[in-house]
Amino acid sequence: MTTLTMHNLTLRYPRQATATLADLSLAVASGELVVLLGTSGSGKSTLLRLIAGLLEPTAGDIRFDGQSVRALPAHRREAVLMFQKAYLFPFLSVADNIRFGLRVRGVAREQQRIAVQQMLALVELEGLECRFPAQLSGGQQQRVALARALVTQPRVLLLDEPFSSLDTSVRRSLQAAVRRIQRETGVTTVLVTHDLEEALSMADRVALLLDGRIAAYGTPQQVYTRPPTLAAARFLGITTFVAGTLHGCQLTTAAGVWVLGAASACAPAEPPRPAVVAIRPEQITLHPTRPADLPNCVLGQVQEQSYRGDVIEYLLKVAGLPEAVRVRRPTSDAPDPIGPEVWLHLPPAALWEVRAG
């Protein structure tokens, strides 16, 4: 297994106004699956190509187990890149597609045969070794491509949106298969996706890339529940931000004075300063009357109510807040039909400060 580290990576193309990647540093532990999450054009696939050696960075370094691989050509890095499409050889059988890398390396035929059988079992395609790519479904083709990538025992596996062209049911099945295989093999893996659900369900850690920079990095729960910046929070579905003056645990806003977090974590000695706090839409509760003895309660006017299957989403206008507040409640927990006005409770522990950016 291999540790993968990137130090101050920058890639700027000639005559490009802004860098595609800017001073990016990231560490992937041995055997870890890290997901690069972000919109199209954020630099995710570019970073994979830099790791694989298909692109040369303008500045910075890439290291496997602490040793720089920047001077190594792609074929000597032992980093395998798997693309959105399987790109199998149509004139080769499943078995021959899988063994292709071993043949190029001159591995003995008996070792090839054993390795191919092991890979077929790993990706659950036993009995299909004599079929050709045209005889396989899209999901089966991606499994063959994964087996071909793993059969040479790479130090690093790079997956560039390998599920994006598949139907939902096939995609979820293959996601589970890849996660299982990655854990069984222990190969250090970096996966690119723009799908939030995919990132959260598969990753050991998530790196959110926005405009060529890492906007958030941590476990799926850390990144999802407490993104550190405004831009990261917006990408992750948060729409309620409240600006005010923060002094200790109290935020003075146009909608009133709000309490943040626990009193034991306050720093009242600090001078008041401007701040912006955020809250996830599913953490706001709705009440027909004002709850007694609860802080951070505001009256809202219901503007929209949408049924979305597992949740009901409400859009409410609150006096003093420039943007409507979005609230999501599980359908099973949703209150009885509400009137035009309802009280919102924003729990202090659910509010956190976000930085600009």
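Two strands are taken to pair if DSSP finds at least two bridges between them. In this predicted model, strand E1 (residues 4-11) meets that condition with E2, the two running in the antiparallel sense over five bridges, and within this pairing Thr5 stands opposite Ala27 in E2. Both strands belong to an open sheet of four strands, ordered E2-E1-E4-E5 and paired in the antiparallel sense. At the edges of this sheet stand strand E2 (21-28) and strand E5 (67-68), each of which has a single partner strand, so that one side of each is left without a neighbour in the sheet. In general, the strands of a sheet pair through backbone hydrogen bonds, either parallel or antiparallel.

Strand E6 (residues 79-82) pairs with E7 in the parallel sense over four bridges, and the bridge partner of Ala79 in E7 is Val156. E7 also pairs in the parallel sense with strand E8 (residues 188-193), here over five bridges, with Val192 in E8 as the bridge partner of Asp160. How many of the five residues of strand E7 are buried? Five of the five residues of E7 (residues 156-160) are buried, so this strand is largely enclosed by the rest of the structure. Val156, Leu158 and Asp160 point one way from E7, while Leu157 and Leu159 point the other way, and the residues on both sides are buried.

Seen as a whole, the protein chain holds eight helices and 20 strands, and its C-alpha trace spans about 75 × 45 × 40 Å along the principal axes. Of its 357 residues, 46% are buried, and among contacts with a separation of 6 or more, 68% are between residues 24 or more positions apart. The accessible surface comes to about 17300 Å², with 52% of it belonging to carbon and sulfur atoms.

The cysteines remain to be considered. With a disulfide taken as a pair of cysteine sulfur atoms within 2.5 Å, the count comes to zero disulfides. Cys297 is in no disulfide, since the nearest cysteine sulfur, that of Cys249, is 17 Å away. Is Cys297 buried or exposed? Cys297 is buried, with a relative accessible area of 9%, whereas Cys130 is exposed, with a relative accessible area of 64%.

Note on methods
Residues numbered from 1 in each chain as written. Predicted model: local features only at pLDDT ≥ 70, side-chain atom pairs only at ≥ 80, totals over all residues. Heavy atoms only, no water. Buried < 20%, exposed > 50% of the residue type's maximum accessible area, 1.4 Å probe, protein only. Contact = heavy atoms within 4.5 Å. Areas by Shrake-Rupley, 256 points an atom, 1.4 Å probe, with all protein chains shown as cover.
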